[in-house]
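The chain is shown below.

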Amino acid sequence: MRRLKEKQRSTFNAEKLEINTVPPKGLALHVHLLVVLMGVIAVANGKLLSDSDSDTPLAGNASNATALYVLGDSSVDCGDNTLFYPLLHHNLSLYPCNGSHTSLLPHLLAEKMGLPNILPFYSQNGSIEELIVGLNFGSAEATIVSSQSHQSLNQQLRQVFETLQLLQLQLGENRADHLIRSSVVYLSFGKDDYIDLFLRNSSGLMLKFTSKEFAHILVHQIMHVVRNLYNANFRKIICTGILPLGCTPRRMWERYNNTTVVEDDHDGGDCVKDINEMVLEYNTMLNEHILELNSMLPDVDIVFCDVYRGIMKILADPGHYGFEELRSACCGAGLYGAMIGCLSPEMACNQASSYVWWDLYNPTQAVNSLLADSAWSGRPFSDICRPIPIQQLLTT
């Protein structure tokens with residue numbers, strides 16, 4: 001029965017896909033018009049391809065991955081893909097990356113896959129050369145839970161569906177299906193749900209749900225999106241957990257300034273215990289649901305990447321990995337560099353590679369590089385990505 005199911009292949013059809021939350025009509029219309037315009041531009045430039053056209057290769061790199069499509073929050077976007085980010089930021093950090101988006105985990109992984117630079121969704125022009133290597137739909141401060149002040153996971157998902165329709169228009173149904181099935185989807189959400197919505201209680205969520213209930217809501221939405229991506233014929237999917245928020249400079253600064261903090265509100269080190277417990281609750285639940293989904297869905301590999309575990313290993317033995325500063329942000333002001341975030345690159349420290357944290361909540365490129373190496377090959381941190389490392393995912 002399983003083999004029979006594995007042979008069944010469905011053609012992408014956006015109308016069959018389920019989405020829990022419909023984005024505002026204005027946004028949906030904007031995205032739809034944008035995709036139509038990109039298609040018109042492509043046709044006008046003579047870039048519309050047929051099934052028999054082989055001038056534009058869909059593969060050719062050593063990793064057996066034709067493209068990488070990224071969805072996520074500030075863990076995948078430096079603000080380049082967020083319209084009016086400098087005006088709408090909530091974390092008081094205008095430069096959440098040291099350098100550029102190429103310092104972030106998915107882009108470091110794209111390099112290992114042999115793929116070119118993955119462009120932000122709002123920076124590409126709809127040309128087939130750009131679309132077939134992937135896109136970054138991620139947006140700084142995006143959340144799983146729909147919010148008036150944040151872009152949501154479901155809005156990014158709609159952008160993915162619009163892009164798939166454009167691929168069908170330009171490549172034809174068969175070649176587009178081949179591209180999708182051999183591509184990798186990378187999802188990294190949840191951090192900003194906890195930072196901006198739950199811990200700040202900006203939407204009253206802490207009064208409505210326990211931390212376990214909130215984690216269940218987030219994981220349920222992620223699994224719903226994974227199923228939609230599967231129905232769209234994606235077969236290689238990476239889901240990352242949330243980093244240890246309780247160890248970030250901003251949370252350390254807030255604990256220091258909180259006169260009501262209790263003695264055992266830390267884990268014996270430099271982290272806030274109860275916040276890390278919330279994050280672990282979410283990560284554990286996400287990992288368990290991914291294992292379950294892997295066993296249920298035929299012909300798919302879903303990998304969970306545990307960035308929490310990797311960063312905690314660094315914090316437990318920083319000198320071994322070349323780090324000297326564990327608490328303070330490289331770019332920021334005030335105690336721990338966390339009273340105010342990175343407002344200008346000139347605020348940054350001289351040796352970012354010796355810092356674990358870049359700004360209020362984001363790790364440095366040096367940390368991301370170690371995480372990328374571990375996610376790819378299982379070294380230096382084993383079992384960061386489970387059940388298989390990403391390098392093995394691309395050969396399946």
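## Strand pairing and the sheet

In this predicted model, Y69 stands opposite L135 of strand β3. Strands β1 (residues 68-72) and β3 (residues 134-136) run parallel and are joined by 3 bridges.

Both strands belong to an open sheet of 7 strands with mixed pairing, in the order β2-β3-β1-β4-β5-β6-β9. At the edges are β2 (119-120) and β9 (385-386), each of which pairs on one side only.

## Helices on the sheet

Helix α6 (residues 153-171) lies across β1, β3 and β4 (184-188), and runs at about 160 degrees to β1. Helix α12 (residues 273-296) also packs on the sheet, where it touches β5 (236-240), β6 (301-305) and β9. The direction of α12 makes about 165 degrees with that of β6.

## The chain as a whole

The chain has 15 helices and 9 strands. Of its 396 residues, 56% count as buried. Among contacts between residues at least 6 apart in sequence, 75% join residues at least 24 apart.

## A buried aspartate

D359 sits in the loop between β8 (355-357) and α14 (365-377). D359 is buried but has no salt bridge; K191, the nearest side chain of opposite charge, is 6.7 Å away. The cut-off for a salt bridge is 4 Å from nitrogen to oxygen.

The side chain of D359 does make a polar contact of 3.0 Å with the side chain of N362. Leaving aside residues up to four places away in sequence, D359 touches S93, Y95, P96, P249, A329, C331 and C342.

## Salt bridges

The whole structure holds 7 salt bridges. One of them joins the side chains of D373 and K112 at 2.7 Å, N to O. Because D373 lies in helix α14 and K112 in helix α4 (residues 105-112), this pair ties together parts that are 261 residues apart in sequence. D373 is partly exposed, at 30% relative accessible area, and K112 is partly exposed at 31%.

R181 and D299 also meet through their side chains in a salt bridge (2.7 Å, N to O). R181 is in helix α7 (residues 173-182) and D299 in the loop between α12 and β6, 118 residues apart. R181 counts as buried at 17% relative accessibility, whereas D299 is partly exposed at 32%.

In the salt bridge of R327 with D270, the closest N and O atoms are 2.5 Å apart. R327 lies in strand β7 (residues 325-329) and D270 in the loop between α11 (249-257) and α12, so the pair ties together parts 57 residues apart in sequence. Salt bridges that share partners join R181, R235 and D299 into one network.

How values were computed. Residues are numbered from 1 along each chain as its sequence is written. This is a predicted model: local features need pLDDT of at least 70, side-chain atom pairs count only at pLDDT 80 or more; totals for chains, interfaces and linings use all residues. Side-chain values use heavy atoms; hydrogens and water are left out. Two strands pair if DSSP finds at least two bridges between them. Helices (H or I, at least four residues) and strands (E, at least two) are DSSP runs, numbered from the N terminus. Contact means heavy atoms within 4.5 Å. Axes are lines fitted to C-alpha atoms, for helices over the stretch in contact, and angles run from 0 to 180 degrees between N-to-C directions. Buried means under 20% relative accessible area, exposed over 50%, partly exposed in between (1.4 Å probe, protein chains only). Lys and Arg count as positive and Asp and Glu as negative; His and the chain ends are not counted. A polar contact is a pair of N or O atoms within 3.5 Å; within protein, one must be able to donate a hydrogen and the other to accept it, and residues adjacent in sequence count only if both atoms are side-chain atoms.
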